Every structure is written in C-alpha cells, then in structure tokens.
Amino acid sequence: MPLQPQIPMNLRNESIGTIQHFSWQENGLSGLAGNKQFSIKFYTSKICRIQASKHEAFDENPFSVVLPPQKVSIDAKETDQSLTLKTANIQLEIKRSPLRLCFKNNHGQILNEDDPAFGISWLGHEVTNYKTLSPNEVFLGLGEKGGGLNRRGSSFVNWNSDAFAFGNDTDPLYLSAPFYIGIREGQPYGIFFDNTHKTHFNFGASNNNRFSYFGAEAGDLNYYFIQGDTVLEVIQEYARLTGTSQLPPKWSLGFQQCRYSYYPDHEVYTVADTFRKKRIPADVIYLDIHYMEDYKAFTFDKNRFPDPKGLIEKLEAQGFKVVVILDPGIATQPGYGTYDRGVEKDIFVKYPDGSRFEASVWPGNSHFTDFTAKEGRDWWADELKFYTDKGLEGFWNDMNEPACWGQDIPNLIEFDYEGQTASHKKARNIYGFQMVRATFEGAKKQLNNKRPFTLTRAGFAGVQRYSAVWTGDNVAGDEDMLLGVRLVNSLGMTGIPVSGYDVGGFVGESAPALFARWLAVATFAPFFRVHSMVNVRDSEPWAYGEEVEEISRNYINLRYQLMPYLYSLFFEAHHKGNPINRSLAVDYYNDQNIYQGNAQNEFTLGQWLLVCPTTTTQEYAKIYLPQGKWYNFFTDELHEGGCHMLVETQMEDLPVFAKEGAIIPLQNVVQTTQEKTDGILKLHLYFGEVETHQTYYEDDGSTYNFEQGQYCKREIYFNGKMGTLQVAKQEGSYTSEFHSLKIHLHGFEANSFEINGESVTFHVEDLQLLAPITEFDPLPQRPKRDYWSKGVKTLEIPFTQEEINLNWK
Ligand code: GLC
C-alpha cells in the first residue's frame, strides 16, 4: 500500500488546552493551559491584558505600552468549570476546559468572546485568536487601512510597506497600528494586539462570518481588551495605554507647502515671497531630498544651499519655518563624517554573522541605523545637532518602513530591539516609530525648551507620542482624496490624532477643480500640507489659475481663523487622546446610515464642525447629516439631521455644518501663526435646546512652559434650554493673547441678554467666512456663491480671567 502523506501534528491547528494549574496574582492570574503559559492581568478596571505563549517567558514589546498596571479592585470567583473576574467595568468569564475567554460589561452583555472551537490557537509558529461574530458586529479603526468605514467582511495585514501610488485596496500601507474597535449589539470595545511581527486581522472575510480573528506570524498572543461606554471612551482608554500626541508647535498647525524638491535656495525664497505677496497665509516650506549633497543625511548641498543658516533666518523673518527630510539610510562612504561616526559607534543593523547590512536607497549603498537600540537613537539624536545648530526645528522622516530598492529586506538581519535581539520579522514594524522617536528626542534635547515638529511615514502603535503622520505617496484622483480622508479618520480612531495627506496628490497631476476641493477639505485636517512629486507640474495654490488661487486663499484664510478652535482640539488630543478629525463612527456609531455611501468619508472637526468631502466629478452630492440640527457654516441655513441631503457642489463649495450647541472660538486672518492677532477672540455659538461643553486652550504655542502651568484654559458651558453660557474662570497662569471676547450668536431668537447679571445689547451683523470669488472669463454657467451668515448677534466684551456668564430670554 502506498504511504498516505500526512500533515505533521505540529503543522496543524492546535488550540490552547485545559487549564492545568493557575495561581492568583495581583490584578489577575497566570498558569498553564495544555502545555501553554497564559497570563491574565487587569491594567485598569477597563483594560485587561491577555498573554499566551508556547515558550517559558512571554514575549515583550517594550515600545508601545506606557501605562503600568494600576491598582484594580477585582472580585474573583472559582468553580469547577470556570473562573470569573469582575471589576467595576468588566466581567471576564474564563472557561477552564478548554481555556476560553468571554468579556462582558457590567450589565452582563457579551462584548467579545473566544470562538468555542478554536479560541487561542497555534499553527506552527503562528498564533491566532478566533472570536465569535455577532450578526451586526461593526469593526472600526486598525489605523492606516483603506476600505470602508466598517471593516466587517474584510481582512488586513500589518507589515510596514513603501506603498507608492497606493489605492483603496492596497494593503499593507506604511504604518501599522494593530488596534481596532468592535461594536457588538451597540456596545463598543477595543482590542490592541501588541505583537510587532507581521499580523493578520480578519473580520469575517472569506469564512461566511464564522468568526473574526487576529493572529501573528510569530511571537505570543498578547492583547489588551478595552471596555468603554462609548467609542470615544475606548479611544481615550487606548490612549492611556499607548500614550497621547505631543502638543506640537503652533506653526505646525498652519498651512505647509512642500514639493519634491524646491531647490536651489532662490527657488525657496521665491515660493516664500509669493505667499506673502499674494497674501495667502502659510507657515512652513519643506526641503525634500535635493537639499542634500548626493542625498546624504546630515549634509547640505554647497551649491544649491550655500548658506542654510542664512536661509532659515531669512525665512524666519518672514514668518516661515523650514522642515527638512531625513531618511534612515546612511551612505557607506568612508570620509563622510556621519558614516565614519556610525561605524565607530557600531550602531548599524547587521547580519547574524556580524557584518553590516547594506542596501541601496537615495544616497546609493547605505547602512541602516539601528533605532531599536538606545545607542542608535542617542547617536542619531547627537547627529541632529547638524540641523538644530542651523536653526531648524522641523524634521520629516521618510523611507522608514524601512524602504530599500528591491523592497524585500532579508528577514535574517538583526536588530537590538531594546536588548532582546530580534530579526527583521519582529523589528520591521517598529523601526519607523523608533526612528522618529530618536529624531524627536534629539531635536527636543537640542532645542532648548522649544517644541520640535516631527513628521513620519512609517510607525506603529505609540508613534503618536513622538510625531505627526502623513499617509505617503498618494495619487492625484478624486477617490484618492476621499481615501486620504478615511485614512486620517481611521488613524484618529486608532490613537493617532495628528495626521494628513499630500494635498493635490503626490503621484500624477490634479485637475484645478480637484486641487481646489482637496485643499478645502484639508483645511479641516490636523496636518495641512500640499506636496507633489519630482517632474510634475507646479502645485502651489497659485499654480492652477486665478480662480483656484482665490478659492485656496479663502480656505487657507479660514484655516487661520479656525486656529483657536484647532489649537484647543490639539490640546484635547494631547490631554485625552481625542481624535481631531472624528469619523462619524466616533459620536454616531449606532446610526447604521454612517456606514453607507459618502457618510463614510464625513467627519467632524472636534465635535462641532461637520465636513462632507465630495468629489469634483459630480455636480450634486448626497451627503448625510447625523441626528441633531445643523447650521450651514457659511450661510447659517438650518437643517434637520438624521437624514440624507442632496447638495449642489460647485468648484468653491464644500459642505460644512456647525451643530446646534456648537462652541467655536475663531480669530482674525493672519499670514502666519507667528503674526500677532488683532486681540479679539471670536466665540461663535449656534443655538439649540441642548447642553454642550468645549474646552478652550491657549499657551505660547512654542515652548514647554505650559508644563509648568503657563497656559490659559477656560471651560465653556452652553445650555440652550436654560439660556445660559458660562466661560469658567481661567486655569493656568498664561496671559491670553486676546484682550476682547466677541460673542457671535447664530440662530438665537432671544432679545433680552444679561452678562454677569447686567443687561446688555447685542448688535446685528452680517458675516462672511469665505469671500466671494471673482467672475473670471469665460463666465461660469452659474452665478458664483456669495456666502453670508445674516443677522448674527454680536457683542464685544473684555476677555478677563474671571468667570463670564451670559443669560438670555
Ligand atoms: C518618498 C516620499 C515623498 C518624497 C520622496 C522623495 O517617495 O514619500 O514624500 O517626496 O520620497 O524624498
């Protein structure tokens, strides 16, 4: 008889077995199930960590989680069949044979449970946790991933990749954040799979909804289950676990102009002058790879940029900051100082035989700094002095997936991984994160209390603590514009609130209408930068004709008017992990309409401003207004939400709405964030019979003095039913740059007002947030929009540090 080929047992799926023994530990328990180690530990009453391993010691990722386990009060029960652990927020039921977990909330509703057949399983070195799927379970987040808002029915891979010209279906992209939010029977929860190997997530794809799962090619099962009463709370808990974003320098919230590349220096001057001459506000100009000598990091090309320090000073005098690109590859050229010092310090990535890994990137043959080693990061941080000595405060880290020509880095190369020694398989996804960490730490060390700005392409969960993120080499297309918005929305739900995309598209060329729309949409993005590839058309706001120039000026002006609101949102991101652009799934996750059509691209800036990106290929667009009342931000026209709306979209139009109860602080237009305002803080309130709250936050925008209490924070409470607005007494010792508070009331019918108990009279004004566009030849088919908010009630009062109470009847 011929032999039947058989799959060896160790290559078939093997689920974790019965609990053999366990012991109670502080905050949980640990033991052996089958022949696998496991540990269950509460970090807070809402966060529980699960580990399971084939090995004696658990695998650790020292880079992502910053929260140590807190003291949690746990009520534990034991029966022959199961163990139950109860905290104030989570009820965890552990079945003993085989080991299976079921997380419930404190009302006993199941949030997440192991699949009864497979639970935690191994297939060779691969570990996977299979979970049951409830019929309408929704999946959100997972960071920089294309596809729809609800990830149900899709699967994804995390493996940081140089995804040039990516599309909606390209996966993986540049950055990995293995954290998702599930919503089961209306109840949200989060899962952070803390494993830096290549990981897979499957939300019911190709298995007819039998289960969802997450798994890794190697390493342990190591995840954090998070309970939150709302999606926002899950995001905030995740941010406690992996850290929140920096409060960046205020100039990085301004408009940023980039291209691959502006050179020589006089071209940079021309761009800067043109912004100022045309009175289009801007804060930042970028130097892409051509500023370097043969693309070598830590050099300036002597012919193109003979006096970098002078350039930076001159631009600074015009209110511009300069950001330079910096790639991880160091040219292997003896005599090139950076290379020689790197060899001497022995900080380059090596093969297991001790020889240095070499691959080709922009500067030619290169070694790669081992940023997963403290010595590597420290060395890099010191090298950065080359730039900070010249006055640079902004750094753009690119190619840090890491990317090399040929793409396929051999997996055997080794990284320090904080003393653990790990192959490329384990270290790749963490590399970019550690590079930008080194860049941030170096810049911070040398900038003498000034806040650096850092931008990265690759990253991993936790990268938000060090950097803003941009979504890499996108394509100039309408659908790509929308994809970028969804990526930013998703990153925001994944604890990475500060991100953006190349406005106008990096690859290819935008039509004028697309550039105009893209720029309008990005006005509301956390990171606002135009960028385009080498050898394509010019892509400054004036490069697409006069009409686009006017539209661009209008929206960039609006960006600067929004600055007090935006900066307050950056503070909330820094303080609590709140997303700045909120997908509708943040506040309206149980409304099924948001998972369909254009609603998937919509977002609110903070809680109040609904932005509905629409393509330029349609004259009419169907948008969705979530429940509540919404004021057109440009005309004050009031709309009832909870329904779709058909809007006509001309080139200059972007549907933007303010929600009833909105509290939005604005300022006058300035040409750069470094220019002083007129000193009047314009507080816009939109009437509704609702109760709302907004934090207003301000500080010097450039130093760390806020950490010593030098800030100005005001809690603002609106109550439409009672007819009250309270601006609470100032917290913090910073003197606001605003001396006056101009209150703007939209949609208020009341006519009797009191401030701090004294009767006051409001004036009636007509306002324009966007200026009308000139009628250019050939005359457009339809009349141009003229945006007026008519009959706004206004009153200017001193902006003292004391409590301000407004009442109306
Ligand atoms: C990469 C970056 C891009 C940059 C180019 C040249 O493609 O993603 O933004 O312009 O390299 O440095």
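A residue counts as exposed when its relative accessible area is over 50%, and as buried when that area is under 20%. The model discussed here is predicted.

Most residues other than glycine have a negative phi, and most peptide bonds are trans. The exceptions below are taken in two groups.

The bond from Ser-97 to Pro-98 is cis, and its omega lies near -10 degrees. Pro-98 sits in the loop that links strand E8 (90-95) to strand E9 (100-105). A cis peptide bond also joins Asp-171 to Pro-172, here with omega near 0 degrees. The loop that holds Pro-172 runs between strand E14 (155-158) and strand E15 (179-184).

Next come the phi angles. Asn-27 is not a glycine, yet its phi is positive, near 70 degrees. Its place is the loop between strand E2 (19-25) and strand E3 (28-33). Is Asn-27 buried or exposed? Asn-27 counts as buried because its relative accessibility is 9%, and the cut-off for buried is under 20%.

Glu-185 is another residue other than glycine with a positive phi, about 45 degrees. Glu-185 lies in the loop between E15 and strand E16 (187-193). E15 is also the strand at one end of the loop that contains Pro-172. With a relative accessible area of 53%, Glu-185 is exposed, since the cut-off for exposed is over 50%.

Notes
Residues numbered from 1 in each chain as written. Predicted model: local features only at pLDDT ≥ 70, side-chain atom pairs only at ≥ 80, totals over all residues. Heavy atoms only, no water. Helix = DSSP H or I, 4+ residues; strand = E, 2+ residues; numbered from the N terminus. Buried < 20%, exposed > 50% of the residue type's maximum accessible area, 1.4 Å probe, protein only.
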